[in-house]
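Colleague: I have a model open and would like to learn how to read its features. Could you take me through them?

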Amino acid sequence: NMQQIANGIAAPLVPWIQALVQYYYATKKSRLDIDHFNNLTKHSTNLQIEVDKIRLMVKEGQDQVELLRKQYDEAVSRKQSLAEDRQRQKDAITTAADLIEGLQVQQARWNGEYSEHDSEIGKLAGNCSIAAAFLTYCGLLDSDYRHRVEHDVLMNVCKEARVQLKMPINNLALLSTHKEMAQWRSQGLLSDDT
C-alpha cells in the first residue's frame, strides 16, 4: 500500500516533472536557437562588413573606370585634334606646292616675256625714230610717196646706222584710228594706204 500512497502522492508530480522536462528541452532548444541566432547575427554582421568592403571596392573600381573613361575621351579628343591639325597642314602644304608650281609656270612665262621685251627694247628706238620722222615729214604726202620715203629713205638710214627695227612697221595707225578709217570707208573715201 505504500506504493499506492507513494503513487498517489507522486501522481500529481508526474505532469509537473514532465512539464519541467519539456521546459528544459524547450529552453535548451531555445538557447540553441538563440545561440544559433547570435551566431547568425554575428555572421550576418561579418557578411555586412564584407559586403560594405565589396561595395567600397566596387565604388573605387567605378571611380577608376570613370577616370579611365575621362582619360580615354581626352585622348580621343586630342587624337582627333591632332588629325585635324595634320590634315590642315597637309592642305596647307598642298596649297603651297600648287602655289609654288603656279609661280614656277608664271616665272617661266615672265622670263620668256622678259627675253622677248628685252629684245624688243633694242628695236624700240629705231621704230620711234621712224614714227617721229614719218609724222613730221610724211603726213601730208600721198600714200605712194609716203611709202617710198618710209622704205627707201628712213629704213635705209636706220640700216646704215645699225639701228634695229621691229617689222612690219605700220605708221598709218599713227595718223588715224580704226574708227576714223571705218567712218571714212562708210563715207566712200579711199583708205589711207592706197
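This is a predicted model: local features need pLDDT of at least 70, side-chain atom pairs count only at pLDDT 80 or more; totals for chains, interfaces and linings use all residues.

Modeller: Residues are numbered from 1 along each chain as its sequence is written, and side-chain values use heavy atoms, with hydrogens and water left out.

Colleague: How many helices and strands does the chain have?

Modeller: Helices (H or I, at least four residues) and strands (E, at least two) are DSSP runs, numbered from the N terminus. Here the chain has five helices and zero strands.

Colleague: Is the chain a compact globule or more spread out?

Modeller: The radius of gyration is taken over C-alpha atoms, and the globule rule is 2.2 Å times the number of residues to the power 0.38. The chain has a radius of gyration of 63 Å, well over the 16 Å that the rule gives for 194 residues, so it is more spread out than a compact globule. The C-alpha trace spans about 195 × 45 × 15 Å along its principal axes. Buried residues (under 20% relative accessible area; exposed is over 50%, partly exposed in between, with a 1.4 Å probe and protein chains only) make up 11% of the 194 residues.

Colleague: How do α2 and α3 pack?

Modeller: Two packed helices are described by the angle between their axes and the distance between the axes. Axes are lines fitted to C-alpha atoms, for helices over the stretch in contact, and angles run from 0 to 180 degrees between N-to-C directions. Helix α2 (residues 13–138) and α3 pack at about 140 degrees, with axes 11 Å apart. That makes α2 oblique to α3, given that angles under 35 degrees count as roughly parallel, over 145 as roughly antiparallel, 65 to 115 as roughly perpendicular and the rest as oblique.

Colleague: Which residues make the contact?

Modeller: Contact means heavy atoms within 4.5 Å. Among them are I130 and F134 of α2, and V149 and L154 of α3.

Colleague: What is the phi of R162?

Modeller: Most residues other than glycine have a negative phi. In R162, phi is near 60 degrees, a positive value. R162 sits in the loop between α3 (143–160) and α4 (172–175) and is exposed, at 78% relative accessible area.

Colleague: Where does H178 lie?

Modeller: H178 is in helix α5 (residues 178–186) and counts as exposed at 67% relative accessibility. The C-alpha atoms of H178 and A108 are separated by 35 Å, with the two residues 70 apart along the chain.
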